[in-house]
Amino acid sequence: MALLLERELAGALKFVVTWPSAHSYRLHGPDMLDLACPRCSTPLNEGWACPSCNSSPRSLRGIPDLRVVEDAYLPNADDWAIALKLDAAYERLDFRGLLDFYFDLCPDLTSADRARQVSHILTAGPRARGWVEAIGGGLPDGPWLDLGCGSGSFLSEDLKAGRETVGIDVAMRWLLVARKRLDEAGRGHVRLVCGNAERLPFADRSFGAVVAGDVIEHVADQAATLVEAHRCLKPTGRLFMATPNRFSLTPEPHVGVWGVGFLPRRWMLGYVRWVRKMDFRAIRTLSYVGWTRALRRSPFGGASIVPPTLPGTDLAAMGGLKRRLAVGYNRLVANRLGRAAMRAVGPLFHIVATRDDGPPPTQPPLRETTP
Ligand SMILES: [Zn+2]
């Protein structure tokens, strides 16, 4: 079951947005979207320049680099160096070729881990449809944001005909792979931006929905990410997150190690290094209780947190025992008691939080003052 949860690259923080032409600063289409400086919130000029900070960001393939903090997993300079190599090979390779080249450039994975991640990337369709189903209907108009879009798994699915979707990721290297995938899928109109989840380069109330699949456990600051997602949503807009359960009975999905979540946090790093020689620095999963508390403290004030049904395609990709366990899990979450048990120890959560601004504030009564 761990395979299901594998993110494109273990530990990679993912956020970025792309433009069709390198010199438009607005996202055109049925829904217009304003970019704002991630440092000072001033609307950005042409070329993504900020008139207040006098900054003008670098870009690749029409994807501006609007990051303002370092990625905890890979320094931004190292990410940029890999992105330049992908950019040099961009015209000569197709999406599969570029994806393979990506993994050649990031050789810190075993061949089994690499195969698992490629499979996860290529079977994203049904998972993405499950996310859209979980978000539900009745959303405000406006574009959607794929927060931590990675290799473009969600964006490459044509799930919302006529709706603008924007992708943002912290890794420029992943955005280049996503750009290639989107162009090949006939989705060249989908815009991509490189930026930080904790400092989103968008104006307030820009999006009808924010989708963050397998992302929140990778960000440097989860509380700040929730604040930013809330700020960028329109009133009644929704944030969707898919994330592994800290107290899952299955192996930790990023590193394939059993029982990590049950250890005190200060022991996790050493334990994972000892068992699998893998880096667990940039991963922070929470339990059901942990997420309930985090969302109550966030501007959302709460959320629905459920153990989701696993899609059939994920089951089909599993071998014998794992598949039988997954079928059993799906039976359990179909009833109330089973769902309660799987909230405690199931492999993952789907979390949906709504921006509820409440009734408009009423004007305070005028206080009589004596002259
Ligand atoms: Zn600025």
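The part to look at is an open sheet of seven strands, in the order S5-S4-S3-S6-S7-S9-S8, with mixed pairing. Strands here are DSSP E runs of at least two residues, helices are H or I runs of at least four, and both are numbered from the N terminus. Two strands count as paired if DSSP finds at least two bridges between them. The edge strands are S5 (191–194) and S8 (304–306), each of which pairs on one side only. Neighbouring strands of this sheet are turned by 15° against each other on average, ignoring direction.

Two remarks on the source. This is a predicted model, where local features need pLDDT of at least 70 and side-chain atom pairs count only at pLDDT 80 or more, while totals for chains, interfaces and linings use all residues. Residues are numbered from 1 along each chain as its sequence is written.

For the protein chain overall, there are 12 helices and nine strands. Of its 371 residues, 44% are buried. Buried means that 20 or more other C-beta atoms lie within 10 Å of the residue's own; exposed means 12 or fewer, and partly exposed is in between, with C-beta atoms placed from the backbone.

Back to the sheet, starting with S3, residues 144–147. Trp-144 and Asp-146 point one way from this strand, Leu-145 and Leu-147 the other way, and all are buried. S3 runs parallel to S4, joined by four bridges, and Trp-144 stands opposite Thr-165 in S4. With S6 (residues 207–213), S3 pairs in the parallel sense over three bridges; there Asp-146 stands opposite Val-211.

Now S7 and S9. S7 (residues 233–244) and S9 (residues 348–354) run antiparallel, joined by seven bridges. Met-241 has Ile-351 in S9 as its bridge partner.

Two helices next. Helix H6 (residues 172–184) lies across S4 (165–169) and S5, and runs at about 170° to S5. Angles run from 0 to 180 degrees between N-to-C directions, and axes are lines fitted to C-alpha atoms, for helices over the stretch in contact. Contact means C-beta atoms, placed from the backbone, within 7 Å.

Which residues of helix H9 (residues 288–297) are buried? They are Tyr-288, Trp-291 and Leu-295. Seen down the H9 axis, these buried residues fall within an arc of 65°, so they line one face of the helix. The arc is that of the directions from the helix axis to the C-beta atoms. On the other side of H9, Arg-293, Arg-296 and Arg-297 are exposed. The cover over the buried residues of H9 includes S8, helix H12 (336–345) and S9.
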